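Here's a walk through a structure for someone who likes to know the cut-offs behind every label. Have a look at the sequence and the model, then read on.

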Amino acid sequence: ARLLPFAALVAVTASSGAFVAGMDAGRAFNTYPLMAGRWVPEDYWDASLPGLRSLFENTAAVQWDHRMLAATTAVSALALWSWVRASAAPATAKRCMDLVAGVTAAQFALGVWTLLEYVPVPLGSAHQANALNLFTAVLLTLHTLRPSVPGALSVAIARVSAPVTAAAVAAVGVAVTTHR
């Protein structure tokens, strides 16, 4: 149960990385941990963008958000790793969590290295590919920790998740294609 929120955090962090890549935001602030000499960049919020668009269309905000999500993911991976290692989890789950912790550490290091080197294509590609490795490791760990008999809530979620996901993807597609 504690791994599900972590899996969601990994997915959100990877999604925020897509915004960084799409906006070339990794080329804007090439220092770590500070951005332009500050913990929070001065131009984090762009008041000229309506609503919450500044969080998704402002280079400083997009990069800062990804940094914070990445740091939260790394700390969470360490906390989960120590919890699973100390628990009565099966040995397979412990080995999978070792993998998650290692891939998370590599992902964080790759991200910082990529940033400091001004996003060369090989490092950027390695960082993006490793995000898939991390998500795969998390899915593998979830699989090893699944209950042998699914509960009623799991069955109910499974029945509605595909249609809800399809509707959400369609809604985003419509929003993106009709936005002016």
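Arg-38 counts as partly exposed, with 40% relative accessibility; the label covers the range between buried, under 20% relative accessible area, and exposed, over 50%, using a 1.4 Å probe and protein chains only. Arg-38 forms a salt bridge with Glu-42, and the closest N and O atoms are 3.5 Å apart. A salt bridge here is a side-chain nitrogen of Lys or Arg within 4 Å of a carboxyl oxygen of Asp or Glu. Glu-42 itself is exposed, at a relative accessible area of 68%. The general idea is simple: side chains of opposite charge can pair when their charged atoms come close.

A word on ground rules. This is a predicted model, so local features need pLDDT of at least 70 and side-chain atom pairs count only at pLDDT 80 or more, while totals for chains, interfaces and linings use all residues. Residues are numbered from 1 along each chain as its sequence is written, and side-chain values use heavy atoms, with hydrogens and water left out.

Back to the charges: the structure holds 4 salt bridges. One of them joins the side chains of Asp-98 and Arg-85, at 3.3 Å from N to O. This pair links distant parts of the chain, with Asp-98 in helix H4 and Arg-85 in helix H3, 13 residues apart. Asp-98 is partly exposed at 31% relative accessible area, and Arg-85 is partly exposed too, at 36%. In another bridge, Arg-27 meets Asp-24, with 3.8 Å from N to O. Arg-27 has a relative accessible area of 33%, which makes it partly exposed, and Asp-24 is also partly exposed, at 47%.

Now zoom out. The protein has 6 helices and 0 strands, where helices (H or I, at least four residues) and strands (E, at least two) are DSSP runs numbered from the N terminus. Read from the N terminus, the order is α-α-α-α-α-α. The C-alpha trace spans about 50 × 35 × 25 Å along its principal axes. Of the 180 residues, 29% count as buried. The accessible surface comes to about 10900 Å², and 70% of that belongs to carbon and sulfur atoms; these areas come from the Shrake-Rupley method with a 1.4 Å probe, and for residues only the protein chains shown count as cover. As for contacts (heavy atoms within 4.5 Å), residues 24 or more positions apart account for 66% of those with a separation of 6 or more.

What sits inside? A nonpolar core is a set of buried Ala, Val, Leu, Ile, Met, Phe, Trp, Tyr and Cys residues joined through side-chain atoms within 4.5 Å. The largest one has 15 residues, and Phe-6, Met-97, Val-100, Leu-134 and Val-138 touch the most other members. H1, H3, H4 and helix H5 (121-145) each supply at least two residues of this core. Take Phe-6: beyond its neighbours within four places in sequence, Phe-6 is in contact with Thr-73, Ser-76, Ala-77, Leu-80, Val-100, Thr-104 and Val-138. Apart from this core lies another, of 6 residues, including Phe-29, Met-35, Tyr-44 and Ala-61.

Thr-59 is found in helix H3 (residues 59-86) and is partly exposed, at 25% relative accessibility. Residues up to four places away in sequence aside, Thr-59 touches Met-23, Ala-25 and Ala-28.

Is Thr-114 buried or exposed? Thr-114 is buried, at a relative accessible area of 6%, and sits in helix H4 (residues 91-116). A polar atom of the Thr-114 side chain lies 2.6 Å from the backbone oxygen of Leu-110. Past its neighbours within four places in sequence, Thr-114 is in contact with Val-119, Pro-120, Leu-123, Gly-124 and His-127.

Finally, the outside. Phe-19, Trp-45, Leu-52 and Phe-56 form a nonpolar patch on the surface, with about 430 Å² of accessible area together. Patches are made of residues with over 30% relative accessible area and no salt bridge, with like charges joined within 9 Å and nonpolar side chains (Val, Leu, Ile, Met, Phe, Trp, Tyr) within 5 Å. Phe-19, found in helix H1 (residues 3-23), is partly exposed at 37% relative accessible area.

Technical notes:
A polar contact is a pair of N or O atoms within 3.5 Å; within protein, one must be able to donate a hydrogen and the other to accept it, and residues adjacent in sequence count only if both atoms are side-chain atoms.
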